[in-house]
Amino acid sequence: MKTRYLYLIYLLMSVTDIVVVNLSFLIVNDFFNLKSNNDMSSLIVANYLWILAAMFFGLYTSNFKHKLEDIYRLTIKSFLLYTVLFFSYILLSNHHLSFTILVIFYGLMLLGLLFIRFIGSAFERSLKKHFKITRPVAVIGLNSMGLRLAGFFQDRDSHFAFEGFLNQDNNSYLDKQGQILPAILDQMNSAAKSGIRDIYVCLPPEQIREYDFLQKEAEKHCLRLKLVPDMSNTMTDRLKLSYMGEFAVLSNRNEPLEEVENRFKKRVFDILFSSLVIIFLLSWLYPIIGLIIKIQSPGPILFKQLRSGKDNGSFLCYKFRSMKMNNQTDKQASKDDDRITKIGRFLRKTSLDELPQFFNVLLGDMSVIGPRPHPLNMTTEYREIINQYMVRHFLKSGITGWAQVNGYRGETKDPILMQKRVEFDIWYLENWSMWLDLKIIYMTVANILKGEENAY
């Protein structure tokens with residue numbers, strides 16, 4: 001639940017951000033004497049693109065927990081998207097702004113945004129200290145869920161004022177006759193007199209029936225009673241709650257990429273990233289590598305193999321051919337494998353053999369980041385002996401992944417190694433974010449530059 005002052009904070013932040021965008025634009029224009037007939041239209045576009053970028057990342061909504069680090073993180077994300085959008089507009093319009101001018105504009109704007117957030121957080125802390133702007137709440141249920149809830153209310157960035165527990169034990173709140181215990185009645189009365197309007201009750205499943213009795217009594221004191229089920233001692237503590245229309249749905253894991261907006265972001269990134277690699281790298285590197293492969297070993301330039309992908313579907317995976325032509329294509333490469341050519345050994349060591357998979361990414365069969373695709377026979381084998389092996393196929397396969405940057409790549413003779421790889425893949429599935437994808441790309445490049453022991 002959101003309070004009025006929280007809405008005011010986001011409203012003020014959106015207004016001051018627009019002021020920062022306009023001031024940065026006008027300062028740069030005045031300093032460099034960039035007066036032109038397009039100034040007003042450019043300023044309108046600058047404002048519109050900032051609002052678009054901020055809305056894309058939900059900067060001014062309070063759907064996330066109101067924490068300062070969240071606000072800074074979303075601000076940086078919005079700013080990065082804005083720089084791309086506004087730079088694209090400048091390129092496509094009749095403006096001839098130098099790179100230096102754009103850097104100064106972006107720098108002023110970023111400093112202004114960060115300064116506004118610094119001042120805003122200080123102002124918010126001052127309001128909390130000197131004025132009663134947070135919403136007073138209390139908790140019934142001195143159990144693990146109640147303690148967690150109290151911790152949430154007591155968080156420095158919380159917009160609630162935790163007034164304490166109304167009970168000092170976790171037993172039933174009803175007597176043998178089904179009446180609310182006098183101690184609870186007295187506490188509710190005291191809570192109402194002290195200005196509390198919301199009480200959260202944490203009940204285990206076996207006590208859920210007591211909620212109706214507590215609610216009726218709370219309403220007599222003009223108190224809102226909200227139920228937070230305590231599932232900590234049941235199997236459901238591992239389940240994740242989501243909503244499908246009016247229906248509450250429990251699932252056993254969090255999957256950010258089940259949300260269509262996250263899949264859209266990831267797909268857009270895949271298309272942009274793979275297009276850049278194909279245009280600026282593969283366009284000239286492909287003929288060179290292809291010629292060397294042809295000189296060293298007769299056969300095609302590309303090695304094509306059916307691999308298991310998303311939802312256990314199969315697709316034709318592309319790689320630069322790193323081996324001599326042989327009839328053991330389903331056999332994993334091992335150290336000192338005599339099938340590997342000289343250029344093939346270099347390609348595998350530097351992971352350059354994977355570059356053609358950016359065509360797979362562009363076609364939609366793969367993603368830049370995800371679980372590595374395995375040959376069909378390996379999937380058939382490991383699905384029977386590796387716990388949760390098929391869960392990794394909930395995602396599109398990737399050119400690199402969380403398991404690979406953590407050392408789990410290459411040959412997997414020991415099933416324990418495959419089990420660890422699967423665990424890392426599932427962790428990625430449950431913790432996906434664009435920031436994690438960017439981190440994996442950085443770690444992949446770093447590992448390639450320093451060399452990987454398991455790359456052969």
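Gln 388 is found in the loop between α11 and β10 (397-400), where helices (H or I, at least four residues) and strands (E, at least two) are DSSP runs numbered from the N terminus. Gln 388 has a positive phi of about 60° although it is not a glycine. Its relative accessible area is 38%, so Gln 388 is partly exposed; buried means under 20% relative accessible area, exposed over 50%, and partly exposed in between (1.4 Å probe, protein chains only).

Some notes on the model come next. This is a predicted model, in which local features need pLDDT of at least 70 and side-chain atom pairs count only at pLDDT 80 or more, while totals for chains, interfaces and linings use all residues. Residues are numbered from 1 along each chain as its sequence is written, and side-chain values use heavy atoms, with hydrogens and water left out.

**Overall picture**

The protein chain holds 14 helices and 10 strands. Of its 456 residues, 44% are buried. Contact here means heavy atoms within 4.5 Å. Among contacts between residues at least 6 apart in sequence, 72% join residues at least 24 apart.

Asp 311 lies in the loop between β7 and β8 (314-320), and its 57% relative accessibility makes it count as exposed.

**Helices α8 and α9**

Helix α8 (residues 260-296) and helix α9 (residues 342-349) have axes that come within 9 Å and cross at roughly 140°. Those axes are lines fitted to C-alpha atoms over the stretch in contact, with angles running from 0 to 180 degrees between N-to-C directions. α8 and α9 are therefore oblique to each other, given that angles under 35 degrees count as roughly parallel, over 145 as roughly antiparallel, 65 to 115 as roughly perpendicular and the rest as oblique. On the α8 side the contact is made by Ile 289, Ile 292, Ile 293 and Gln 296, and on the α9 side by Lys 342, Ile 343 and Leu 347. These residues divide into 5 nonpolar, 1 polar and 1 charged (Ala, Val, Leu, Ile, Met, Phe, Trp, Tyr, Cys and Pro count as nonpolar, Asp, Glu, Lys and Arg as charged, and the others, Gly among them, as polar).

Ile 301 is found in the loop between α8 and β7 (302-308).

**Aromatic rings**

Rings of Phe, Tyr and Trp (its six-membered ring) pair if their centres lie within 6.5 Å; planes under 30 degrees apart count as stacked, over 60 as edge-to-face and the rest as tilted. By this rule the count comes to 18 aromatic pairs. The rings of Phe 105 and Tyr 106 have centres 5.7 Å apart and planes at 45°, so that pair is tilted. Both Phe 105 and Tyr 106 are buried. They belong to a cluster in which ring pairs link Phe 25, Trp 50, Phe 79, Tyr 82, Phe 86, Tyr 89, Phe 105 and Tyr 106.

Tyr 408 and Phe 424 form another tilted pair, 5.2 Å centre to centre with 35° between the planes. Tyr 408 lies in the loop between α12 (402-405) and α13 (415-431) and Phe 424 in helix α13, so the pair ties together parts that are 16 residues apart in sequence.

Lys 265 has its charged end over the ring of Phe 56, 5.3 Å from the ring centre; a charge sits over a ring if NZ of Lys or CZ of Arg is within 6 Å of the ring centre and within 35 degrees of the ring normal.

**C-alpha separations**

| Pair | Sequence separation | C-alpha to C-alpha |
|---|---|---|
| Ile 301 and Phe 320 | 19 residues | 6.0 Å |
| Tyr 173 and Ala 183 | 10 residues | 9.0 Å |
| Ala 53 and Leu 80 | 27 residues | 8.7 Å |

**Buried positions**

Ala 53 is placed in helix α2 (residues 39-56) and counts as buried at 0% relative accessibility. Leaving aside neighbours within four places in sequence, Ala 53 is in contact with Ser 78, Leu 81 and Tyr 82. Tyr 173, in the loop between β2 (160-165) and α6 (182-193), is buried with a relative accessible area of 1%.
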